[in-house]
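Visitor: I would like to learn how to read the features of a structure. Please take them one at a time.

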Amino acid sequence: MFLLTNKIPFPKNYERFIELGQEATKENNLLEAVYYYEQAYAIRQDFPLNLVLVNMYLETGENEQALSLASEMKEKYFAYLDYLELYIQILIQNHLFIQAHSIINERILMEQSGEMRKLISLKKKIRHVELMYRQFEVSKIKELKEELEHLNTQNYYEQLGVVKKAGQLPQDEFIAIGKKILLDERIHNLVRSWILEELVSLHVKEEIEFLWRDNKKYTVIPASIGGPLDCAAYQRILLFLEKELINDDPILLVDVLEEIRLHFALLYPLADDIIENPKLWAISYIISYNHSIAQKFQIDEKRTEIEKIQKIQSKIRFELETMVL
């Protein structure tokens with residue numbers, strides 16, 4: 001990025017940096033303008049300046065920097081369609097096609113009046129850039145696909161790092177490779193869970209086969225289900241834990257919920273089939289962290305059922321502990 005060789009002979013205040021940035025822009029000194037705007041942004045992070053900087057990063061080819069900065073205020077970009085269009089452009093520039101498709105799909109489902117035509121146009125734009133990318137980045141796509149072919153020889157963290165790069169594939173190729181990954185028993189369950197979530201966000205309407213953590217095949221239509229935390233069991237466990245812990249032990253609540261989110265990623269998308277009694281599941285989690293707090297729920301009356309649940313939870317913990325192997 002642009003560096004000034006001389007000391008700045010003016011107060012380092014927001015308004016002055018903005019003024020200098022505007023002057024540099026008028027003189028077409030874009031790198032200098034970016035420098036001044038960055039100094040202003042370090043003082044005050046407001047959305048109008050975020051927009052200016054993001055556009056300048058795109059203009060100077062700093063696509064990753066544009067994405068990083070825009071992501072800081074993602075909610076504001078999603079609030080209005082014009083800003084959302086810019087955010088989609090940033091994703092496209094970074095070849096994050098799957099994420100772009102997912103955002104547009106979600107917006108289309110919201111069906112806000114007057115937006116549909118523009119959203120469809122954005123969808124076409126993504127597909128057009130995908131087509132160009134497929135034609136002109138053949139070697140890059142081939143290299144990524146070969147990396148994904150050897151996914152099952154790596155440990156969990158390596159698998160997750162590689163598979164997240166699959167979001168740079170065109171949608172059709174991502175879905176095709178995703179189907180293979182979902183049926184590979186040597187790929188970690190959390191990685192398969194992540195792929196399934198991506199197919200859900202793409203609203204894939206065909207039946208998809210997947211291996212679950214019991215290594216049995218199941219089928220699901222991704223467009224008809226939500227994410228791991230959208231299931232009824234999670235929502236009921238969450239409500240119970242918040243009601244019981246938010247005032248008495250909020251730190252315990254945070255710790256328990258952090259673990260539960262990971263557990264539901266492993267149970268996805270069959271959590272509602274496995275968890276017959278969400279209240280007892282919640283109590284079992286509390287027992288594992290603080291047995292004395294759990295006593296108030298009269299756990300002795302449900303000892304046998306709770307022990308069965310604890311065995312399932314212990315197996316899940318063991319699977320998570322051995323992820324790096």
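Guide: Start with a pair of facing residues: Ile208 stands opposite Val220 in strand β2. The model is predicted, so local features need pLDDT of at least 70 and side-chain atom pairs count only at pLDDT 80 or more, while totals for chains, interfaces and linings use all residues. Residues are numbered from 1 along each chain as its sequence is written, and side-chain values use heavy atoms, with hydrogens and water left out.

Visitor: How many bridges join β1 to β2, and in which direction do the strands run?

Guide: The general idea: two strands pair if DSSP finds at least two bridges between them. Helices (H or I, at least four residues) and strands (E, at least two) are DSSP runs, numbered from the N terminus. Here 4 bridges join β1 (residues 208-211) to β2 (residues 217-220), and the strands run antiparallel. The two form a hairpin with 5 residues between them. In the turn, Asn215 has a positive phi of about 60°.

Visitor: Now a helix. What span does α1 reach?

Guide: The expected span is 1.5 Å times one less than the number of residues. Helix α1 (residues 14-26) has 13 residues. From first C-alpha to last it reaches 19 Å, close to the expected 18 Å. Asn28 follows α1 and has a positive phi, near 65°.

Visitor: Which residues of α1 are buried?

Guide: Buried means under 20% relative accessible area, exposed over 50%, and partly exposed in between (1.4 Å probe, protein chains only). In α1 the buried residues are Tyr14, Phe17, Ile18, Leu20, Gly21 and Ala24. Seen down the axis of α1, they fall within an arc of 165°, so they line one face of the helix. That arc is taken over the directions from the helix axis to the C-beta atoms.

Visitor: What do the buried residues of α1 pack against?

Guide: A contact means heavy atoms within 4.5 Å. The buried residues of α1 pack against α2 (30-43) and α3 (47-59).

Visitor: How many salt bridges does a search of the whole structure find?

Guide: A salt bridge is a side-chain nitrogen of Lys or Arg within 4 Å of a carboxyl oxygen of Asp or Glu. The search finds 15. Take Glu19 and Arg16, whose closest N and O atoms are 2.7 Å apart. Both lie in α1, 3 residues apart, about one turn of the helix. Glu19 is partly exposed at 36%, and Arg16 is partly exposed at 26%.

Visitor: Which side chain meets Lys118 in a salt bridge?

Guide: That of Asp82, at 2.8 Å from N to O. The pair links distant parts of the chain, with Lys118 in helix α8 (residues 116-136) and Asp82 in helix α6 (residues 81-93), 36 residues apart. Lys118 is partly exposed at 30%, whereas Asp82 is exposed at 52%. Asp82, Glu85 and Lys118 are linked in a network of salt bridges.

Visitor: Is Glu244 buried or exposed?

Guide: Glu244 is buried, at 13% relative accessible area. Its salt-bridge partner is Lys243, with the closest N and O atoms 3.1 Å apart. Lys243 is exposed, at 64%.

Visitor: One last residue. Which residues does Asn63 touch?

Guide: Leaving aside residues up to four places away in sequence, Asn63 touches Tyr57, Leu58, Ile90, Gln93 and Asn94. Asn63 lies in helix α4 (residues 63-71). Its relative accessible area is 19%, so Asn63 counts as buried.
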